[in-house]
Each structure stands twice: as C-alpha cells, then as structure tokens.
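Subject: Structure handed over, with findings

Dear colleague,

Please find below the structure that I am passing on to you.

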Amino acid sequence: MTPEFLVTSLIVVASPGTGVLLTLAAGLSQGARASAVTAFGCTLGIVPHMAAAVLGLAALLHASAVAFQGLKILGVLYLLYMAWATLKERGALSVEADRTQRPASRMILRAVLVNVLNPKLSIFFLAFLPQFVSDADPRPLARMLELGGVFMALTFAVFVVYGLFAAAVRDQVVSRPRVMAWMRRSFAAAFAALGAKLALAER
C-alpha cells in the first residue's frame, strides 16, 4: 500500500460531502452512537459503486492508454467541480433539536441510500482507482479490491471521528456557523489541490 494512496484517500474521505454532512448532523443532533451507526451506513453505501468500478476497470486497465487518460481527465474535472460546489455551500448544518434515538436500522438505511443514490461516487472511483494500479500488476482485479477495502476502512474511521467530534462540540458548533463556513473553504482548497495532482499524474 503506497503512502500516496493512503494520503490521497484520506484527503478524499475527509473532504465534506453528503456522507460527512450526514454523519456530522447525526452527531450534532443525536450524539456519538448515532454518528457511529450513520458512519457505518455511509461506508456500506460505497460497496455498489466500488464493485461497479472494480469490475469495469479490470478490463479497461489493459485495453487502452486513451481510456486511462480519459478516466483521469474525468477524475480531475470531478474534483474541480467538487471544489466549486463546496465553495457554493453556505450556512451551518441543519441540526435537529430532538435527541431521541432512532432505530439503528433506520439510520443505516438512510445513510446507505445517501451514497447509493449518488451517481458521482461511481464516476469518482472509475477515475480514482487506476491511478494506483500498475500496468505490470499480474492481478489488477485483486489489487483494486484491496485498495477499495482500505478506502472503505478509512471512510468508516474518519466518519466516526467526525461524528464523535460533532457530538462533543455540539453547542459550540451550532452557535458559531462561521466555523462551518471556514471548514468548507479549507476543504474546497484541498479538492482543487488534489485535482491538480491527478492532472499531473502519469500512469
């Protein structure tokens, strides 16, 4: 597992998206348990997109350099779009005042649907995984499955940290919407930097 993959994955996972926002909202509104359950659901929601990307890319990796470059360009455009979309977000998270715990199954289903119904995830994985699989790798499918598993583990771990932090600082965050606005600007810059790195990457 290369350091580049781990660092890039961590940046992507930590960047604010629907899953992060949902986990934060769970922690802010219902506490640590709800945020951990939501993080688990968001991680499960990655599986269909990861499977689709892995099965499709197993053949594409050895098909054509043009296809690889096309996927890389798609990934760069996607990351730049995410930087723009993050900057366009305004206001604090919508936090529910009710701390009543919902059933775990309901929270997991909601979190899974948030990711499963987001087609951007499939586009992202199609452009992301080939960057870290060598042409000379004799088992590209197994390699991508390994990378996908690590990405999912990082997703769960980072989301849990987000949720626990949100639960711990609920009152402070809710009363200071400027904090969330600052976080959005910082993550938008990270998206743009990652896009620039992928644009310069060689196969």
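The accessible surface of the chain amounts to about 10200 Å², and carbon and sulfur atoms hold 70% of that surface. Such areas are computed by the Shrake-Rupley method with a 1.4 Å probe, and for residues only the protein chains shown count as cover.

Please note that this is a predicted model, in which local features need pLDDT of at least 70 and side-chain atom pairs count only at pLDDT 80 or more, while totals for chains, interfaces and linings use all residues. Residues are numbered from 1 along each chain as its sequence is written, and side-chain values use heavy atoms, with hydrogens and water left out.

The chain has ten helices and zero strands; helices (H or I, at least four residues) and strands (E, at least two) are DSSP runs, numbered from the N terminus. Of its 203 residues, 44% are buried, where buried means under 20% relative accessible area, exposed over 50%, and partly exposed in between (1.4 Å probe, protein chains only).

The largest nonpolar core contains 38 residues, and among those with the most contacts inside it are Met50, Phe128 and Phe151. A nonpolar core is a set of buried Ala, Val, Leu, Ile, Met, Phe, Trp, Tyr and Cys residues joined through side-chain atoms within 4.5 Å. Helix H8 supplies the largest share of this core, nine residues. Beyond its neighbours within four places in sequence, Phe128 is in contact (heavy atoms within 4.5 Å) with Phe5, Thr8, Ser9 and Phe151.

Threonine 155 also belongs to helix H8, which covers residues 140-168. Is threonine 155 buried or exposed? Threonine 155 counts as buried because its relative accessibility is 3%. Its side chain reaches the backbone oxygen of phenylalanine 151 at 2.8 Å. Apart from neighbours within four places in sequence, threonine 155 touches Val13, Thr43 and Ile46 by the contact criterion.

On the surface, Phe40, Leu44, Val47 and Phe156 form a nonpolar patch with about 310 Å² of accessible area together. Patches are made of residues with over 30% relative accessible area and no salt bridge, with like charges joined within 9 Å and nonpolar side chains (Val, Leu, Ile, Met, Phe, Trp, Tyr) within 5 Å; a salt bridge is a side-chain nitrogen of Lys or Arg within 4 Å of a carboxyl oxygen of Asp or Glu. Valine 47 lies in helix H4, residues 47-60, and is partly exposed because its relative accessible area is 38%.

Yours sincerely

How values were computed. Polar contact = N/O pair within 3.5 Å; in protein donor to acceptor, adjacent residues only side chain to side chain.
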